[in-house]
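Please read them with the coordinates open.

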Amino acid sequence: MPKSKIFLYALLSFIAGVGIRSLVALPIALVWIGVVAAALFFAYGILRNRSMLVYGLFILSTCAGAARFEYADYSRPDISSLIGPAVEIEGIIKNEPEFTEKSQRIILEANKADEKDIVPFAVAIVTRRYPAYRIGDKLLAQGAIDEPRAKFSPPNMIFPHITRTGREEKIWTG
């Protein structure tokens, strides 16, 4: 089998792992069983049959896709208690704001909610065009947080009351 086909099938196996995990909540033990099976296929492929190495790669890619989705699914903090009622969040602008003719969209990494420390999460804030904010500004936003529009998009605050509370000079955006 050519290397390009092996690479293509490995990528498709990864995507299949993500797809399977998105449809069915797999226990992590099942993913580890797949990793062990892939290791057995690798061992058998090294000792006896070279084609078994490829099957081990496909199984490992599928398990990696499922594990990646698992990590992405559970790495987001639960903010359901903050959605709906008026809340006061404090955080730092980590990305360059996006400007339109009459407004600006800010991605704020919130680290406090109602004066309590929380697990940091991103909030998309749409506010007036001026005053213009920039990366590193510490903001205090008061308003209602809306549901995220898509699964991996940040929740929104539309035209909240914003107060600039300071500036963090050294910011790492990576």
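1. Y55 has a relative accessible area of 44% and is therefore partly exposed, where buried means under 20% relative accessible area, exposed over 50% and partly exposed in between, computed with a 1.4 Å probe on protein chains only. Y55 and F58 both lie in helix α3, three residues apart, which is about one turn of the helix; helices here are DSSP runs of H or I with at least four residues, strands are runs of E with at least two, and both are numbered from the N terminus.

2. A word on the source: this is a predicted model, in which local features need pLDDT of at least 70 and side-chain atom pairs count only at pLDDT 80 or more, while totals for chains, interfaces and linings use all residues. Residues are numbered from 1 along each chain as its sequence is written, and side-chain values use heavy atoms, with hydrogens and water left out.

3. How many aromatic pairs does a search of the whole structure find? The search finds two, taking rings of Phe, Tyr and Trp (its six-membered ring) as paired if their centres lie within 6.5 Å, and calling planes under 30 degrees apart stacked, over 60 edge-to-face and the rest tilted. The rings of Y9 and F58 have centres 6.0 Å apart and planes at 90°, so this pair is edge-to-face. Because Y9 lies in helix α1 and F58 in helix α3 (residues 51-74), the pair ties together parts that are 49 residues apart in sequence. Y55 and F58 form an aromatic pair that is also edge-to-face, at 6.5 Å centre to centre and with 75° between the planes. Y9, Y55 and F58 make up one aromatic cluster, within which F58 counts as buried at 15% relative accessibility, whereas Y9 counts as partly exposed at 34%.

4. Helix α3 also holds S61, which counts as buried because its relative accessibility is 12%. Leaving aside neighbours within four places in sequence, S61 is in contact with A10, S13 and F14, contact meaning heavy atoms within 4.5 Å.

5. On the surface, M1, L8, Y9, L12, F14 and I15 form a nonpolar patch with about 590 Å² of accessible area together. Patches consist of residues with over 30% relative accessible area and no salt bridge, with like charges joined within 9 Å and nonpolar side chains (Val, Leu, Ile, Met, Phe, Trp, Tyr) within 5 Å; the areas come from the Shrake-Rupley method with a 1.4 Å probe, and for residues only the protein chains shown count as cover.

6. Setting aside neighbours within four places in sequence, M157 is in contact with a number of residues, among them V87, I89, V123, I125 and A141.

7. Strand β4 (residues 116-128) contains A122, which counts as partly exposed because its relative accessibility is 32%. A122 and E109 are 13 residues apart in sequence, and their C-alpha atoms are 4.5 Å apart in space.

8. The structure holds one salt bridge, defined as a side-chain nitrogen of Lys or Arg within 4 Å of a carboxyl oxygen of Asp or Glu. The side chains of R105 and E98 meet in this salt bridge, at 3.9 Å from N to O. R105 is partly exposed, with a relative accessible area of 31%, and E98 counts as partly exposed at 49%.

9. For the chain as a whole, there are three helices and seven strands, and from the N terminus on the elements run α-α-α-β-β-β-β-β-β-β. Buried residues make up 33% of the 174 residues. Among contacts between residues at least 6 apart in sequence, 64% join residues at least 24 apart.
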